[in-house]
Amino acid sequence: MRTTELVSGFRQSAPYVNAHRGKTFVVMLGGEAITQPGFRSIINDIALLNSLGIKIVLVYGARPQINQALEQAGLAPTYHNRVRVTDDDSFRLIKQVAGALQLDITARLSMSLSNTPMQGAQINVVSGNFVIAQPLGVDEGIDYHHSGRVRRIDAAGIRRQLDNNGIVLMGPIAASVTGESFNLTAEDIATQVAIKLKADKMIGFSEVGGITDEDGDIIAELMPNFAEQKMLELEERPNACPGTIAFLHAAISATRAGVPRCHLVSYDEDGALLQELFSRDGIGTQIVTESAEKLRRASISDIGGILDLIRPLEQQGLLVRRSREQLEMEIEHFSLIERDGLVIGCAALYPFVEDNVGEFACLAVHPDYRDADRGSLLLKSIIQQARQRRYSRLFALTTRSIHWFLEQGFELVTVEDLPSQKKQLYNYQRRSKILALDL
């Protein structure tokens, strides 16, 4: 029976549906994304996240819409140190633009037509005074007037709305304790909300599908320090996407303050948000506090994942078959690489204490993850363990991977060079090649 792509994709997404349920996501929707043809689909996907039990805070920006309104009114946008200077005339227009966008987004989230993905959805969209602002004041002699920054977040008030399954919608205008209003940036609000709520994720959109390397390929994962380097590089480019720079500013601050993952996806690619959240490898760039992949020692709870990984190789005759019972007894010898709960690589170090040597065995890497030399990573971990035990030599048996072992510094040896216990178990019908590495 042929498994369809729909069924395969649905099965792959199921662990993420369970993992994300009940979690809090802060979505930063810049004004650039709102102007795109795919905006309607993005709103539908955000509504879908809500229907899956994910708690959503949606923070929208209005930079291009504000600039357009100012231009039509004959007012030139003024900036100082990349921050808008909001005088009285421009602030009147900014409040109109922000208010209109709030109504438009609320209307989109309220849609429940029968021919749309939001059919039957009943979403409560809640806006309010969850953000208390304060003025930026004067900097280098420049008065920012009505431009402000976040002073306080009503985290408890937001959580009450999220617990009632509502989507909390926030715009760039916030009030102060003195009853004044100020113009804030979406990235400032999104960052502070994510930090105060201890959100599980912050998500942003940009023209590009993520942060790219020198070859133009999307970088799947960045630590905050490397993300900061990329941000500084982008700031030097005159044609850099402003949404990308704004997101990086927000993501770096959020991850350093404890938000585990911040995702950047494209607003041009239909369904990019869902692909990023519900597939193993995603489609955009994550700014993370720690890598999604972990190299660690195996435990009894990993047996199912290891069996799923090694069974196909056993069936092909590449690995010696191990029963579940045998694996349970030997699990302490195994190390593995885990990615989002999936075992994508494993290897074992079997001790031969009397001969002061170890066996490097059961090396397996998931076929979808063989392009980053994870086998070498596992080997390095096993070598480190062997050296800690003061073994003099590491040996391995293989029928297909001879050249790989030679590239790693192993040398071909004979059966006579095996430890006495292993020599007795050597399968002469299988005729595995024996390689050894002096430690």
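Me: What does buried mean here?
Reply: A residue is called buried when its relative accessible area is under 20%. This is a predicted model, and Lys422, at 16% relative accessibility, counts as buried.

Me: Which residue does Lys422 form a salt bridge with?
Reply: Its partner is Glu359, and the closest N and O atoms of the two are 3.2 Å apart. Glu359 lies in strand S20 (residues 357-365) and Lys422 in helix H15 (residues 420-425), so the pair ties together parts that are 63 residues apart in sequence.

Me: Is Glu359 buried or exposed?
Reply: Glu359 counts as buried, because its relative accessibility is 7%.

Me: How many salt bridges does the count come to?
Reply: The count comes to 14 salt bridges. One of them joins Asp163 and Lys55, at 2.9 Å from N to O.

Me: Where do Asp163 and Lys55 lie?
Reply: Asp163 is in helix H6 (residues 155-163) and Lys55 is in strand S2, so this pair links parts that are 108 residues apart in sequence. Asp163 is exposed, with a relative accessible area of 54%, whereas Lys55 is partly exposed at 25%.

Me: New topic: which residues gather in a patch of negative charge on the surface?
Reply: The patch consists of Glu207, Asp268, Glu269 and Asp270. Glu207 is in the loop between strand S13 (201-206) and strand S14 (221-222).

Me: And confidence: where is it lowest in the protein chain, and where highest?
Reply: Confidence is lowest in helix H1 (residues 5-20), with a mean of 78, and highest in strand S2 (residues 55-60), at 96. The mean pLDDT of the protein chain is 89.

Note on methods
Residues are numbered from 1 along each chain as its sequence is written. This is a predicted model: local features need pLDDT of at least 70, side-chain atom pairs count only at pLDDT 80 or more; totals for chains, interfaces and linings use all residues. Side-chain values use heavy atoms; hydrogens and water are left out. Patches are made of residues with over 30% relative accessible area and no salt bridge: like charges are joined within 9 Å, nonpolar side chains (Val, Leu, Ile, Met, Phe, Trp, Tyr) within 5 Å. Accessible areas come from the Shrake-Rupley method with a 1.4 Å probe; for residues, only the protein chains shown count as cover. A salt bridge is a side-chain nitrogen of Lys or Arg within 4 Å of a carboxyl oxygen of Asp or Glu. Lys and Arg count as positive and Asp and Glu as negative; His and the chain ends are not counted. The place of a charge is taken as NZ of Lys, CZ of Arg, CG of Asp or CD of Glu. Helices (H or I, at least four residues) and strands (E, at least two) are DSSP runs, numbered from the N terminus. pLDDT is the predictor's confidence in each residue, from 0 to 100. Buried means under 20% relative accessible area, exposed over 50%, partly exposed in between (1.4 Å probe, protein chains only).
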